[in-house]
Structure formats: structure tokens, C-alpha cells
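Please look over the structure below before reading on.

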Amino acid sequence: MPAPPFLVFMYFSECLIVYSYATSIYKTRNKFSILISICLYAVLMLVYKYVTSQEIFNILFTLMCNILCIYACFKSSFKSSLFHGTILSIIQFVSEVAAIYLISHITETPNNSYMENTTIYMLDVMISKVLYFTISRFLAKLSAKEDSAKSWGRWCSLAILPVSSLFIIFVIRIITNGLTFSLSESIICIISIVLLLVANIIIYIIYERAENNSQKLIELELVNQKNDIDMQYLTLLEKKNETMNVMAHDYKNHVLTISNMSDSPEIKAYISNMIGDITKYNQIGKTKNRLLDVILGKYTDICREKEITFETDIMSDNLKFINGYDISALFNNLLDNAVEAATESADKFIHLEITNSLSSYHKITVINSCDIEPKSKKGKLITTKHNKDTHGFGTKSIRKIVKKYNGELQWEYDNTNKQFKWIILFPYG
């Protein structure tokens, strides 16, 4: 049994390795996560020191501690915690066994006598922890951020191989316990363990790719769901506008008839004002693109309700080369974001401009008031909404559509004037 200070160092280093690995994959549950992790490994250390130090129980308790640490301290599903906790346990055990065989060969002592010499034991622990940390950091680099709000851990059945590997390595330890190996025998044992580790790394990569594909599928479903809802709404809005246009046209004719039946200047002036109001609300054909007109009519009403100044400068470009579904997704997302920012700002304005250069490109510019500078990472906008799992797909959808039509997209924020600007260029042809 090692001295208490070194025992504390050993378990504390294991705790930090697991915590560092999990932090790369998950978000912490709260600010006390590190303290909870330390407490769990402190309990594991006490079990090892005062209850049992047998290797089989040490493996099982370490496995349970790794899983519990990830599940209790990080925003992870149990299935995901099971997979990653098992992977960490196999890495730790492989590192320890590889270090034992290596030290046994170098010191020419039986592989079960390393604990009898404090210096050899400390060297063995240091080598194993360096291996443990190095491999875990390598795997963490391959991992994508996970979140329990998504369907993570559906591939946890892949944990069967890591669990089996733990069992196989433990059996090898029992069979070779107390033996002194030659160089070739040590190499064979180490290679066997390394091959098991490589197999587990391959399974790990398969797991990560499956989860990444699953995440992309979920994001795509959310984007498509939003776009479908927008299209259904616009279809209903278009029908409503057609009905209102017919009613407004008939109503205007009736009012004109009544005006012609009277010679009173006051009545004629009053009716003239009424016709002006009717005409104002009847003018929705601004772009000669039916769907784009409906979208602009929708946001004109929204901005009027929210007391936002909404200006448009469409010129003659109506973007007919973009299909209706993409027109809906593009402008609904652009203007949704603009309305949200303008609503929270002091000036409350949105300016939409669609132009072309006659021979080279179509240009879409959206400028809106925005009092708070948006957050970004590597030039990409990051949602500031609390529930990030179901938000932030608007800008992804915009980028996807721009890419689909070989366009270019850029954004900028004017901190002086408190304005946010989207600029989108689509080439001709």
C-alpha cells in the first residue's frame, strides 16, 4: 500500500483526467461539479485503502466512479455516461497493465511485485497516468460536444467491446500474475494490450461519427420543420390576402358609387380619405415574386404591430432563380432575426434592399437596429438564447441556402450606430 500523500496524488490525478476529458465533451451541471468529482474519487480512494485493494474490485469501483462522475457532474444522458465512463476505464486499465509489464521487464522482477518497492511503484504509477492522460486527451480531440437534450447515447451498445476488453485484460493479468517475462514475452503482452486499445479507439471513432451524424440529422429536421411551418403560414396568408384584395376592391367600388351619389364636398373628402387607406393596405405586389410579396406583407404587419420602421428597396430584382421553399426559409430567417434585434433596440428599424448589378450578381442587404453586439466564434454567429438546443438554426439555414446557390455571405456590426448588417451576393447564371 503506497504512502497516503502519494495515494492522494494518484486518485486526484485520475479525477482531473476524467474531469478534463468530460469537460471537452459535456457542459457541467453546476459550479460545484469539480467538488463533486473530487468527493467521488476521495470515496474511491478510501474504499481502496480501508475496504479492499483487490484488483478486480478496484476495476469495478473505478468503472462505477467514472460513470457516476460523468452522469452526476455533467449534462449527460446515462447511456452516454456509460459509454464514455467505460472507455475511460479501459484506457486507465490498459495504461496500468502496460506500465506494469514495462516496469517488470526493465527491473527483471515478477509483474506482481511492483508494489513491494516504493520507487518502482511510484514510477509505474507515473508512467500509467501519463499514458492515461495522453490517450484520453487524444480521444477528447476526436469527440464532439454532447448534450443530454438530444438523443445521445443511442449507440451505447458499442460499450460491449470496452467492457469485454476490461475482462480480457484482467484475465491476462491473472494468467501472467507472478511471472517474469523475457523481452519477447513482454513485447507480445504489450502488443496484445495495445491492439485491444486500438480496437476500442476504432469503436470510439465509430461512436463519435454516429453521434455526429445523429446531431446533424436532428438539426436538419428542426430546420425543415421550421421552414415547413413558415411555408404553411405563408400559404394561408396568401389566401387571406387574395380574399382581402377582392373585398378591398369591391369595397372601394361601393364607396366610389356612394361618393358619386352625393354633391357634398365634405362627404367626397371623407370618402377620398377612406379610399386612400384601402389602397394603402391593398398594395402588396412590390416585387412581382408572389411568395416574396407575401413574406414582405407578413413582416410589414409584424413591424407595424411592434412599432418598427420597415423600409424596402426592391428595385426590379425579384430573385426568381431561387425556389419558393428557399425564398421562404431565407427571408423568414433573415427578417425573424432582424425583428428580434430591432424589437429590443432603441431606434427600431429594418431596411431591406434587393438589387442587381445587371451582369454579375444579385445583392440582398438587410440592416437593422441592434443595441447589443452579437456574439460570434470564428466568424460565425452564436445564439444568445437560453435554450441553445432548439435555437441558432436560423443562421445555419441562411448559410446553407447561400451555399446552395453558390452565393457569398458576410455580416458586420456597426458599434457606433448600433446597426447589424447582412450582405448576400448571388452570382448570375
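Which residue in β7 does Asn-368 stand opposite? Asn-368 faces Phe-420. The model is a predicted one, and the points below are grouped by topic.

**Strand pairing**

- Strand β3, residues 361-369, is joined to strand β7, residues 419-427, by nine bridges.
- The two strands β3 and β7 run antiparallel.
- β7 also pairs with strand β6, residues 408-414, again in the antiparallel sense and over seven bridges.
- Within that part of the structure, Glu-412 has Lys-421 in β7 as its bridge partner.
- β6 and β7 form a hairpin with four residues between the strands.

**Residues with positive phi**

- Most residues other than glycine have a negative phi.
- Lys-418 is not a glycine, although its phi is positive, at about 55 degrees.
- Lys-418 lies in the loop between β6 and β7, and it is partly exposed, with a relative accessible area of 31%.
- Asn-406 is another residue other than glycine with a positive phi, near 55 degrees.
- Asn-406 sits in the loop between α11, residues 393-404, and β6.
- Asn-406 counts as exposed because its relative accessible area is 61%, and the cut-off for exposed is over 50%.

**Cysteines**

- How many disulfides does a search of the whole structure find? The search finds zero.
- A disulfide needs two cysteine sulfur atoms within 2.5 Å.
- For Cys-39, the closest cysteine sulfur belongs to Cys-15 and is 9.1 Å away, so the two are too far apart for a bond.
- Cys-65 is in no disulfide either, and its nearest cysteine sulfur, that of Cys-69, is 6.3 Å away.
- Cys-65 is buried, with a relative accessible area of 7%.

**A serine between two helices**

- Ser-77 is found in the loop between helix α3, residues 55-73, and helix α4, residues 78-107.
- Is Ser-77 buried or exposed? Ser-77 is buried, because its relative accessible area is 18% and buried means under 20%.
- The side chain of Ser-77 reaches the backbone nitrogen of Ser-80 at 3.2 Å.

Note on methods. Residues are numbered from 1 along each chain as its sequence is written. This is a predicted model: local features need pLDDT of at least 70, side-chain atom pairs count only at pLDDT 80 or more; totals for chains, interfaces and linings use all residues. Side-chain values use heavy atoms; hydrogens and water are left out. Buried means under 20% relative accessible area, exposed over 50%, partly exposed in between (1.4 Å probe, protein chains only). A polar contact is a pair of N or O atoms within 3.5 Å; within protein, one must be able to donate a hydrogen and the other to accept it, and residues adjacent in sequence count only if both atoms are side-chain atoms. Two strands pair if DSSP finds at least two bridges between them.
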